[in-house]
Amino acid sequence: MFLPETILVVTALASAVLGFAWRKRPEALWAVALVGTGLASFITIDMMGLGVTNALHLSLWPSPIGTRGNFTLELKMNVDAFALFFQLMFQLVALLVIIASRGFIRAEEPHQGEYYALMLLAVVGMMFTAAATDLFVLFLAFETSSLSTFALVAYRKRDRQATEASAKFFIIGAVSSGIVLFGISLIYGIAHTSSIGTTTDLILLRGPPGLTLAGHPEIEPPLIIALVFLIAGFGFKVAVVPFHMWAPDVYQGSPTTITVLLTAASKNVGIVALFRVFLIGLLNVQVDWIAALAILAIATQTVGNIVAIPQRSVKRMLAYSSIAQAGYILIAIPVGAVALQSTAPGDRAATVAIYGLVGGMLHVFVYAAMKAGAFLVVAGTESRGIADDMEAYKGLGRRMPFLAFSMTVFLLSLAGIPPLGGFFSKFVLFSSAVNAASFNQWFLALAISGVLNSALSLYYYARVIWYMYILDPEEGAQKETVPRPIEAAVFIALAIVMLTAVLAAFFLGFLADAARGFFGF
Amino acid sequence: MVGILSLLWITPFVGSLIVWGIGTTQRAAKWMAIGFSLAELGFASWLLLALINGNWAGALGTPTASQPPTPGKFVPLYYMERVGWWTQFGFNYVVGVDGLSVPLIWLTALLTTLAVVFHWDEEVRPRAFFGLFLFLEMALVGVFLALDFIIFAIFWELVLLPMFFLIGIWGGPNRRYAALKFLIFTHVGFVIMLLSIFSLYWFYSASVNEAVYGTNAPTLDMTAFLHGALRHTSGAGIAYITLGAQIPVFAAFLFAFIVKLPSVPFHTWLPDAHVEAPTGGSVLLAGVLLKMGGYGIFRINLGMLPDAARNLWWALAILGTASMIYAAFVCLAQVDLKRLIAYSSVGHMGFVLLGAGSLTVIGVQGAIFQLFNHGIITAILFMLAGSVKHSTGTRDIPRLQGLARVMPQFSLILAIGFFASLGLPGLNSFWSEFMVFVGAYGSPNLDMNRRLVLIPLISIVVTAAYYLYTMQRILFGDPPEDLAKAHDLLPWERISYAVLVALVFLVGFFPLPFLGMINAYTSGSFPWLGGI
């Protein structure tokens, strides 16, 4: 069950140690990291139900996992289909980043062993977060990933922008961790448990055995404070408006491969934590937070998109656009909550909640692919000395045809243009908000905000496409070759984004089961 | 089952990839483009003949492939193909054609072919240029084929991209503004449409699906709604979406369609886009892209939401009348020939709205016929604007004079195009405009106020006035010095004009085959329309 994590930890340690021995051979370190991550991802996919080991009559791990990954009692962790899905996503992002690093990190740069080790440890932290069923385990896993990423941002320690970004990221991260921890301690004080598992006797504030708000009006004031702290703390991680100020600076300052890790994986750690904490743990007290999260979702989308419009730096523009995308994903949480709390007959409520969560998961996955892809394109252009200023992208369609084409696809997908991945995930996500409007008509606002924001975002995405294809390159600019590894990573992301419509048809059953298992239906 | 209908969009799609991928020289690109567009035209012509004359239909398979299990009337969807896709969610691949979509598909195939021919001497990035044309053709044909909302939405949105690039790369001096404006306007229309698709999907599709196909699951299958609405209106007594629920959905769809059509007050993107677009882009933009709006109104607003249509007919009629009058007067003041033609398109699309709003058989038939006729005529007019720019270097009406002497062939085509556009009897658009007015006059909705039909009639007079006035200024008088060495039509341009002018006369003299096809559609789909 924890085999992928074990493999990653071993690989990370090996990479750190071998880093000293193979200082002159970074490609060997790269290969070790790649093989380790690839193996771990394969095991995860197999546990999700690919069934290769079953076909070979080996029973090395359960496939599909079902409830056999449930260690809520012993380890406060539950490796269910939902967790596996997120773990796979984190590992895929790591895989893309590692592949691209070969082309992005120059061979003579020092400390490459630590670079891969920290990255893999960050991924392990993310994977544990997805599986955690206890607030404290969740917090610890969360911190594991955060601490590794703080150091990674400053990997190029002579780069002033990177060290500044790292300092900013560290301060914000430390403060938000403190806030989350304070929220958790309040919750623990109120409920005498920190479990957010789905086994009935441990569920906090849910159902008869637990503590319900209705029976204990005196817990409301501290609970509201705790909710505010939790939303703010996780909000910092996800870069939800108004806690988003750090994101553009950090994303712009980091080495671009690390930006990929931050925006495509690290942000989604916050999302998965929000899913676990709010949709399972705090479901019964949602009267207090459902409107707050809905409003935050709308504010995040709108602010992210509006501020993205005047940006001249492609990296900053993408940073703001990823803030907006997080706002779309947040829609899934209030939708699921309002459905589960409704008095509608169980079937209907379950349908809406499952559909909403499937939309959220689908968008998380597609978002990771398209955002990683877009930043990898930026990494590719940077590796050939093209600044991330929009002016420098003039005529990119002729200078780097493949990267420019991929960038176009990623941007259109972010804007939700069919038949790319972003269209389908947004389709499911927004339509789930329309569906939830049958419980509370205000939810229509979530859908309207989502589609109008998508329309708005097309403007600034189209402008980049404009620069790349329609304007002619500067005098003297010539066709450039991009490092192969970066092209390979971009190609993988491109394939995921372009083939979502087909691939998702096979995955839908799995996603629906994962969501069903997540809610415990 | 994937067959000829899917080939209709797969052919240009494959063509666009091949042209873009291996059409490295201008020569190769244009020959491959013409090859694929002719193949597409072949398929489309076969389909057209099959719908006009049943003898040709044998090879296409049985009409109405999937009939609802419960008895009662059904939409005469002649040919359908259906493949399961995201079945858990009820998203499927469904395509089908009938008398509404086939003329438009044929028009798309024809105009794409002619646009490629017209741009025979395109030198700027030819492989991207011809590749985008085929891609655009794929998306347009897809819109007319789609019978599942998600497929419809995909193709609907895909139309934007090639058009954006065509305007952006090969456009005029102000192309940046025009391309972005086009993109944003129509995209906003699209997302509003998505909202109403969501609500149809979640709130109404399960019960409609239950009533029509007997499965109580949400679906995006348009045929379920078409069948449901038809049986609801033809008195088969099945429950359908209530009137109160139909009205907001109707309004949201209508918004998307009148932005595309376009109708006053959402027409402002059109003149900009046209003035900046390359000629072939304009031809497809006015000839087919605008028709998507009209198609949507008949397929969805009238076909699926008949109760709302019967209550909101006045909105269609008022929007149509406003477009006709406004565009006619604006045309009087234009100095750019292409802008004038662009505005005249807005006016002619007003006929479509008025005909749909009349809710009479003849009015609706006239409006559908108008979609087809306007596509042919406006293609001629935009090509003329391209030719005159190519030859004299300007489109400013005040700077053009006496072209009848310098460019006699051009002048002849111009006269035919203008007369056809203003509705001269015997030419094709006369029939459709005449039918729309007869329908509007006979509309049961108007009852005591038939005099109101005089208002849109004003536009006929003004339209004739601006066309004649323009013709007088451009064609007659003595050519100024700088126009003396203007060349007349180029050989490949002559081919395009010959085909289109022949169609203007052919359809003008023999409208019945086309009307028969449209009649089969309207009588099967709208038995509830008023008399006349």
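Modeller: In this predicted model, helix α20 of chain B takes in residues 512–525, which is 14 residues. Several of its residues are buried: B:F514, B:L515, B:M517, B:I518, B:Y521, B:T522 and B:S525. Around the axis they cover an arc of only 160°, and therefore they sit on the same side of α20(B). The cover over these buried residues includes helices from several places along chain B. Among them are α2 (26–52), α3 (101–118) and α8 (222–233). Also included are α11 (279–304), α14 (361–392) and α19 (491–509) of chain B.

Another residue of chain B to look at is B:R310, which belongs to helix α12 (residues 306–332). B:R310 is partly exposed, because 17 other C-beta atoms lie within 10 Å, and a residue needs 20 or more to be buried and 12 or fewer to be exposed. In sequence B:R310 and B:L529 are 219 residues apart, yet in space their C-alpha atoms are 9.2 Å apart.

Chain B also touches chain A. Each chain brings 25 residues to the contact. On the chain B side, β1 (79–86), α5 (149–158), α6 (160–170) and α7 (175–213) each supply at least two residues. Helix α7(B) gives the most, with 14 residues. By class, this side of chain B has 19 nonpolar, four polar and two charged residues.

The largest nonpolar core has 421 residues, and the members that touch the most others are A:V93, A:L96, A:M119, A:L376, A:A493, B:I105 and B:V159. Helix α15 (residues 346–383) of chain A provides the largest share of this core, 23 residues. Both domain 1 (1–282) and domain 2 (289–521) of chain A give residues to the core, so it lies between them.

Chain A can then be taken by its domains. The domain assignment gives domain 1 as 1–282 and domain 2 as 289–521, and their C-alpha centres lie 21 Å apart. Where they meet, 41 residues of domain 1 are in contact with 45 residues of domain 2. On the domain 1 side, α2 (26–50), α5 (81–104), α9 (220–238), α10 (246–253) and α11 (256–281) of chain A each supply at least two residues. Of these, α11(A) gives the most, with 14 residues. The side of domain 1 that touches domain 2 divides into 28 nonpolar, 10 polar and three charged residues.

Within domain 2, A:N305 is part of helix α12 (residues 290–308) of chain A. A:N305 is buried, because 24 other C-beta atoms lie within 10 Å. Apart from residues up to four places away in sequence, its contacts are A:A324, A:N453, A:L456 and A:S457. A:N305 and A:W289 are 16 residues apart in sequence and 24 Å apart in space, C-alpha to C-alpha.

Some backbone details remain. Most residues other than glycine have a negative phi, and most peptide bonds are trans. The loop between α9 and α10 of chain A holds A:A239 and also A:P242. A:A239 is not a glycine, yet its phi is positive, about 65°. A:A239 is also buried, because 28 other C-beta atoms lie within 10 Å. The peptide bond from A:V241 to A:P242 is cis, with omega near 5°. A cis peptide bond also joins A:P418 and A:P419, with omega about 0°; A:P419 is in the loop between α17 (401–415) and α18 (421–436) of chain A. In chain B, B:R125 has a positive phi of about 40° and is not a glycine. B:R125 is placed in the loop between α3 and α4 (126–145) of chain B. With 17 other C-beta atoms within 10 Å, B:R125 is partly exposed.

Note on methods
Residues numbered from 1 in each chain as written. Chains lettered and ligands numbered in written order. Predicted model: local features only at pLDDT ≥ 70, side-chain atom pairs only at ≥ 80, totals over all residues. Helix = DSSP H or I, 4+ residues; strand = E, 2+ residues; numbered from the N terminus. Expected span 1.5 Å × (residues − 1). Arc of directions from axis to C-beta. Contact = placed C-beta atoms within 7 Å. Core = buried A, V, L, I, M, F, W, Y, C linked by C-beta atoms within 7 Å. Domains from an automatic or database assignment. Nonpolar A, V, L, I, M, F, W, Y, C, P; charged D, E, K, R; others polar.
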